[in-house]
Each structure stands twice: as structure tokens, then as C-alpha cells.
Amino acid sequence: MRLRDELEILVAHGVEFVVIGGQAGVLRQAIEFSHDLDIIIRATPANAARVAAAVERIAGVRPDTDLVLGRDFQQYIDPATGTEIDVHLRLIAIPDYEMALRCAGPVEGFDPEVSVLELPALYASKRTDRPRDAVHRRAIEDRLRRLVLDSRIEVDDIVLACCLDPEIAGLPGVSSRLEKVAASTHQPLLQARLTAFDLHVEAVRANPHLHDAVRAALGLDAGLRAKLVSHPARLAAFLSRLPLELPAAGYHVRVRH
């Protein structure tokens, strides 16, 4: 079954959901392929009943509504076709459907119109040790980086936390304010990137919101810190330990017009 068909079934059944996971990355043009559909749902009995009916259409099995509401993660696979839909109640950094909805929006030109998690929130939800999530994080980083370099989105602390590197740091709109950002950002991941790339390290050190892991990295001599960027795997391992913090009110990438 095609992704579009699955989404049309969910919409037709009135399911309250947000597309997350790999398919959100595909729809946001970051991830090249994902074989299953992941959704996060509003955790109410009425919506659980709608989810159960839609899952039956998609995967050929009708889950009990108590099960839908009782597990944070459920996986349903049609044994005949392999069509898979994964239903979530919460994710890392996304505690519930309402938060997901505040960090989601439609994808331009895609029908049916559904709410799809935006890339920074998707990135925050993939702070795990799974190799696939590491690949997806890198794909999201690359996509956001390209959007920044093409001047297609506004650059703020959350975007920089996902994709800051020396090339982006050298952009006129970034370099002029990076020292102030280094001294004030609440984002541990951005503090770590600044430290790893030796950008305004003293300002980072003076940041009153400094994360403990970043403080430990700052305790290394400059040569050891340089090794964080000399080997991509070491840098990725360092960054993977730090969260991307989303505002409680939600977050949307601001498109430049």
C-alpha cells in the first residue's frame, strides 16, 4: 500500500494524528526512503477507536482500543503485503500528540493535507543509539544545512543546534551574532557544536546555561577538542549525547520569503 493510500485511510476515518518517523523525513525532503508509516495520535478513547478502524483497513488487524491507549508504541504489519503502520503515544522530546501538533504542519503540494512533524522536532525525536536514527539525524542535518546555505529558512538557535559547522558559521547573517549566541544559548547541542569547532569557546565557557557534558569537553586541552572534528564518528558520538530542546509552545521552521 502506498503512503498516500495509508494517509487517505487515516483521514477518512477522522483519526487525529501527526506523521513522524522516517516518512516525515521523506515528506520533508531529508530522508530518501522509509518502508513504514509512523504516527503519533491523540490519546483519547474516541480517537483510539478511529485508529483501530483505520489500522484494520491498512494492516488487516483490528487492535483493541485499550491496547491502543495502553502502549506507547504499537506495530501493525499486514502479513500479506508487508504494509506496516507504527502507532505512538509519545517520543523522545515529544511527550504527547499535542506537542507533536505544535511542532508540525502540512507539506506544500502534498495531498491529502496532513500534519507532518517538522525537521528540528524530528531530529529531537531521534536522539537514540539506534544506527538507523543516526543515519536519519545526519540526513536531517544535511537538509537543514542546505536550506540555510540557500537562504531558504531563518537561522535561530534550534536550526544552528542541528546543523552548525564552520561554513555556516562564516555566513554574514550568522557570524555577526554568533558570539552573543554562544554566550546565551540554552541549547546543549549548539553549545557542543560551538565547542567542537572551536567557535567563541570563551563565550561558551561563560554561558550561565552551560550543559555539564559541554563543560567537561571544555576541560580538555585544545588539541583533544580538535580531535572531535578531525574524525566524523567521534564528533557524531559526542553530539549524540546531547539533547535538542524544543519550546513547550512548539517550534516551526521559519521560511524566508
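This is a predicted model: local features need pLDDT of at least 70, side-chain atom pairs count only at pLDDT 80 or more; totals for chains, interfaces and linings use all residues.
**Overall fold.** I began with the protein chain as a whole and found 16 helices and six strands in it. I then looked up its radius of gyration, which is 20 Å, close to the 18 Å that the globule rule gives for 257 residues, so the chain is as compact as a globular protein of that length. Along the principal axes, I noted that the C-alpha trace spans about 60 × 35 × 30 Å. Buried residues account for 51% of the 257 residues, and of the contacts between residues at least 6 apart in sequence, 57% join residues at least 24 apart.

**Helix α1.** I next asked which residues of α1 (residues 3-12) are buried, and the list reads Leu3, Glu6, Leu7, Ile9 and Leu10. Viewed down the axis of α1, these buried residues fall within an arc of 155°, so they line one face of the helix. I traced their packing partners to β1 (17-20), α2 (21-27), β2 (37-41), α3 (45-59) and β4 (84-88). Just after α1, I noted that glycine 14 takes a positive phi of about 75°.

**Largest pocket.** I recorded a volume of about 490 Å³ for the largest pocket. It is lined by 16 residues, of which Arg28, Arg143, Leu147, Arg152 and Val255 are the closest to its centre. The elements giving two or more residues to this lining are α6 (119-125) and α7 (131-149), and the largest share, three residues, comes from α7. Sorting the lining by residue class, I found ten nonpolar, one polar and five charged residues.

How values were computed. Residues are numbered from 1 along each chain as its sequence is written. Side-chain values use heavy atoms; hydrogens and water are left out. Buried means under 20% relative accessible area, exposed over 50%, partly exposed in between (1.4 Å probe, protein chains only). Helices (H or I, at least four residues) and strands (E, at least two) are DSSP runs, numbered from the N terminus. The arc is that of the directions from the helix axis to the C-beta atoms. Contact means heavy atoms within 4.5 Å. On a 1 Å grid over the protein atoms alone, a cavity is a set of points where a 1.4 Å probe fits but cannot get out, and a pocket is an open set with protein on both sides within 12 Å along at least five of seven lines; lining residues have an atom within 4 Å of a point. Grid points are joined across faces, edges and corners, and a volume is the space filled by probe spheres set on the points. Ala, Val, Leu, Ile, Met, Phe, Trp, Tyr, Cys and Pro count as nonpolar, Asp, Glu, Lys and Arg as charged, and the others, Gly among them, as polar. The radius of gyration is taken over C-alpha atoms; the globule rule is 2.2 Å times the number of residues to the power 0.38.
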